Amino acid sequence: MTPYFFRVEHDLLRSDSFKVLGGSAIKVYLVIGLYSDFGSDWAYPSIRTIARQAGLSRQTVLASIEELTRSGLLATSKSKGRSTAYKIVRHGPS
């Protein structure tokens, strides 16, 4: 696998939203971040790919995506007939 990096903003790490996230949600956030496009921050990994990379079950990944979305750290977009797109929110709510 080609080495990649994913930058996590200091403001995000210091935000109240990040402080209350569970470990599974943090793992999912980081995996999605690794798949995100540098220009747009949108990513298109499947739930199966996220689960495999994070070492989590499919259900845990789905719950974590919901948690990240509720906390304002992740946006999702679902188009009919296409996979779900995920957008990393760079500056999380405080």
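Helices are DSSP runs of H or I with at least four residues and strands are runs of E with at least two, numbered from the N terminus. This is a predicted model, in which local features need pLDDT of at least 70 and side-chain atom pairs count only at pLDDT 80 or more, while totals for chains, interfaces and linings use all residues. Residues are numbered from 1 along each chain as its sequence is written, and side-chain values use heavy atoms, with hydrogens and water left out.

**Figure 1. Overview of the chain.** The chain has five helices and three strands. Their order from the N terminus is α-α-α-β-α-α-β-β. Of the 94 residues, 37% are buried (buried: under 20% relative accessible area; exposed: over 50%; partly exposed: in between; 1.4 Å probe, protein chains only). Contact means heavy atoms within 4.5 Å. Among contacts with a separation of 6 or more, 57% join residues 24 or more positions apart.

Figure 2. Buried residues of α3 are Ala-25, Val-28, Tyr-29, Val-31, Ile-32 and Gly-33. The 13 residues of α3 should span 18 Å at 1.5 Å a residue, and the 19 Å between its end C-alpha atoms agrees with this (expected span: 1.5 Å times one less than the number of residues). Asp-41 lies in the loop between α3 and β1. Its phi is positive, near 70 degrees, although Asp-41 is not a glycine. The relative accessible area of Asp-41 is 12%, so this residue counts as buried.

Figure 3. Trp-42 belongs to β1, which covers residues 42–43. With a relative accessible area of 22%, Trp-42 is partly exposed. Beyond residues up to four places away in sequence, Trp-42 touches Tyr-35, Ser-36, Asp-37, Ala-75, Thr-76, Ser-77, Ala-85, Tyr-86 and Lys-87. Ser-77 is 35 residues from Trp-42 along the chain, and their C-alpha atoms are 9.5 Å apart.

**Figure 4. Crossing of helices α4 and α5.** Two packed helices are described by the angle between their axes and the distance between the axes. The axes of α4 (residues 47–54) and α5 (residues 58–70) come within 9 Å and cross at roughly 100 degrees (axes: lines fitted to C-alpha atoms, for helices over the stretch in contact; angles: from 0 to 180 degrees between N-to-C directions). The two helices are therefore roughly perpendicular (under 35 degrees: roughly parallel; over 145: roughly antiparallel; 65 to 115: roughly perpendicular; the rest: oblique). On the α4 side the contact is formed by Ile-47, Ile-50 and Ala-51, and on the α5 side by Arg-58, Val-61, Leu-62 and Ile-65.

Figure 5. Val-61, Ser-64, Ile-65 and Leu-68 are the buried residues of α5. Because they cover an arc of only 105 degrees around the axis, they lie on the same side of α5 (arc: that of the directions from the helix axis to the C-beta atoms). These buried residues pack against α3 (23–35), α4, β2 (74–77) and β3 (85–88). Exposed Gln-59 and Arg-70 are on the face turned away from the buried side. After α5 comes Gly-72, with a positive phi near 85 degrees.

**Figure 6. Thr-84 in the loop between β2 and β3.** Thr-84 is located in the loop between β2 and β3 and is partly exposed, at 22% relative accessibility. Apart from neighbours within four places in sequence, Thr-84 contacts Ala-43, Tyr-44, Thr-76, Ser-77 and Lys-78. The C-alpha atoms of Thr-84 and Tyr-44 are separated by 6.5 Å, with the two residues 40 residues apart along the chain.
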